Amino acid sequence: MKRTILAFAAVTALAVSGCAANANSGGSGAAEAGDTLVAAYSEGGKTLDPAEANDVTSDTFVVAAYDQLVTYGRTTDGGQPKAKTDEIVPMLAKSWKASADNTSYTFTLRDDAKFQDGAAVTADAVVKSFEHIKASSSASFLYKMAGIAKVTKTGEHGVKIDLTAPNHLFLQILPMYSFSIIDMDKVTRNGGAKWLANNTAGSGPYQITKWDPSTEASMARNESYWGEKPKLRQVDVKFIAEASNRVQLLRKGEVGLALEVPPKDVRSLKGSDGVVIDSRAGNKILFFAMNNKIKPFDDPRVRQAVSYAIPYDKLLNDVMKGEASPMKSAVASSTPGFSDAGYTYGHDLDKARALLAEAGLSKGFSFDFTLGSGFDDWNDDAVLIQAELAKIGVKMNIKKMARPQFLEALDTRKVQAYITRWTSFVNDPGYHLGLLLTTQGSSNYANFSDPVVDKSWQQAATEPDVAKRNKLYGTAQQEINTKAPWAYLYEYNIVVAHRAGLDGYTSYPDGIVRFFQLSVTK
């Protein structure tokens with residue numbers, strides 16, 4: 001490990017000093033001082049296909065290499081830039097108009113946007129991109145959630161999107177990286193979706209010039225970008241699984257930005273010379289999921305008992321060191337439409353024992369808990385929860401699993417219990433609940449199914465009145481809080497650590513760093 005760090009330091013020192021060669025083999029040579037950034041991520045991502053990306057690293061590269069029809073606005077929060085997700089602004093589409101009944105939208109594209117190989121961004125490209133999204137294994141669910149019925153060309157730079165019904169989520173979902181506009185003709189020429197998983201065909205501000213998920217990636221500025229050109233000519237991303245190594249390199253100035261900084265290191269980094277910690281409340285949540293189709297968790301009383309046994313204060317104070325806040329609904333408290341109705345849980349072992357007795361389990365039970373690797377707080381949480389459950393006669397068998405295998409296991413929907421986190425990229429209860437807790441939700445790995453939740457969610461999707469819609473979402477949250485498919489652990493702060501002199505960082509609910517917004521002062 002020491003040899004690895006020394007070698008890495010030598011490489012990054014060149015980059016920071018401005019002597020690193022442009023990673024694009026056909027590029028313009030050495031980068032100028034101050035226009036190159038080295039970032040440290042915990043993992044290397046799974047794919048570069050926008051429609052299949054679903055991890056933060058993959059999403060980051062997609063956002064850098066692609067544009068969407070529309071994007072989110074920006075505002076300031078105490079002088080700090082943050083996304084304004086309820087404000088949709090132009091991107092590849094310079095304007096749009098909804099029909100009187102809000103069941104169709106007509107978009108007018110910019111006529112000066114080009115893909116990175118020089119081909120024009122046209123209506124044909126948009127139509128083909130949406131066909132790719134519809135056929136994907138991941139983003140197809142979002143396609144349905146947005147209520148898209150048909151996408152047609154109305155002219156060289158005109159596109160009409162018809163919906164199955166009015167849908168308030170439609171314009172909020174469109175800015176997501178999943179709905180990137182792709183040069184599908186280029187993709188077809190190169191062999192199709194398999195090629196797209198490891199290459200890009202976008203019109204975005206950066207070109208991905210290297211991607212090795214096991215070690216590093218590089219992106220170079222798209223010098224012919226149609227929009228405002230990024231100030232950073234080059235971004236090198238190093239994939240460093242060990243959090244302490246990322247922290248050490250940041251402290252030494254050998255990386256300019258680091259993600260996944262453990263809470264125990266945040267306080268010490270705040271006192272480090274030249275380091276800036278950006279920590280803000282976000283909508284990333286962590287929960288203890290119990291498979292509602294596997295005994296004994298098919299009984300809501302057992303799930304409620306577990307919820308009363310969680311040592312919430314220890315998790316927030318001892319594990320997260322104040323870099324998280326209490327979670328009191330399946331929906332994050334920062335989400336419009338949040339409701340904690342029906343939430344009654346606190347650390348109460350007597351209440352937990354009484355519920356187990358009601359469920360016929362007064363002597364307790366044993367269950368398997370699958371712990372995915374990669375996050376220190378998960379390990380610490382699991383140990384604390386295991387100890388508390390033992391006090392009520394419940395034996396929690398911790399089965400550790402590497403993260404790739406853990407994610408595959410969740411897809412089977414047969415894991416008995418697990419901890420996982422979730423960030424809703426669209427800050428709306430409909431998006432959040434639709435994916436996680438409706439019967440057909442693509443990420444409903446705990447197999448929760450409730451007719452009240454499904455009906456409320458379906459009615460809210462087409463309800464144009466915000467107050468009425470939030471009332472329906474409140475009904476759904478109350479039902480979920482009462483039935484307890486999850487034990488709520490906490491809401492994370494979004495923490496990004498960077499060197500002083502890095503400007504322009506904007507906090508987004510999806511946690512993705514938009515490198516094209518950043519600059520480094522010399």
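These exercises walk through a predicted model, each with a worked solution.

Residues are numbered from 1 along each chain as its sequence is written.

**Exercise 1. Confidence**

Find the average pLDDT of the protein, and the stretch where pLDDT is below 50.

Solution. 
- Start with the term: pLDDT is the predictor's confidence in each residue, from 0 to 100.
- The protein averages 91, and 93% of the residues score at least 70.
- Next, look at residues 1-33, where the pLDDT is below 50.
- This stretch still has 48 contacts in the model beyond near neighbours in sequence. A contact means heavy atoms within 4.5 Å.
- Where pLDDT is low, the predicted coordinates should not be read in detail.

**Exercise 2. A hairpin**

Describe how strands β2 and β3 are joined, and what happens at Gly78.

Solution. 
- Helices (H or I, at least four residues) and strands (E, at least two) are DSSP runs, numbered from the N terminus. Two strands pair if DSSP finds at least two bridges between them.
- β2 covers residues 70-77 and β3 covers residues 80-90.
- The two strands run antiparallel, with eight bridges.

**Exercise 3. Strand β12 and its partners**

Which strands does β12 pair with, and in which direction do they run?

Solution. 
- Take β17 (residues 486-499). It is joined to β12 by 12 bridges, and the two run antiparallel.
- Within this pairing, Arg280 stands opposite Ile494 in β17.
- Now take β16 (residues 417-423), joined to β12 by seven bridges, again antiparallel.
- Here Phe287 stands opposite Thr420 in β16.
- Check the cover of β12. It is mostly covered, with 13 of its 16 residues buried. Buried means under 20% relative accessible area, exposed over 50%, and partly exposed in between (1.4 Å probe, protein chains only).
- Return to β17, where His498 lies. His498 counts as buried because its relative accessibility is 7%.
- His498 touches several residues beyond four places away in sequence, among them Leu250, Leu257 and Val276.

**Exercise 4. A parallel pair**

Is the pairing of β14 with β15 parallel or antiparallel?

Solution. 
- β14 covers residues 365-372, and β15 covers residues 394-401.
- Eight bridges join them, and they run parallel.
- Phe365 has Val394 of β15 as its bridge partner.
- β14 is mostly covered: six of its eight residues are buried.

**Exercise 5. The cavity**

How many cavities of 30 Å³ or more does a search of the whole structure find, and which residues line the largest?

Solution. 
- Define the search. On a 1 Å grid over the protein atoms alone, a cavity is a set of points where a 1.4 Å probe fits but cannot get out, and lining residues have an atom within 4 Å of a point. Grid points are joined across faces, edges and corners, and a volume is the space filled by probe spheres set on the points.
- The search finds one cavity of that size. The largest cavity has a volume of about 30 Å³.
- Its lining is Ser307, Tyr343, Tyr345, Asn481, Ala484, Trp486, Ala487 and Tyr488.
- Strand β17 gives the most to this lining, with three residues.
- Sort the lining by type: six nonpolar, two polar and no charged. Ala, Val, Leu, Ile, Met, Phe, Trp, Tyr, Cys and Pro count as nonpolar, Asp, Glu, Lys and Arg as charged, and the others, Gly among them, as polar.

Methods
Predicted model: local features only at pLDDT ≥ 70, side-chain atom pairs only at ≥ 80, totals over all residues. Heavy atoms only, no water. 1 Å grid on protein atoms, 1.4 Å probe; cavity = no way out; pocket = protein on both sides within 12 Å on 5 of 7 lines; lining within 4 Å.
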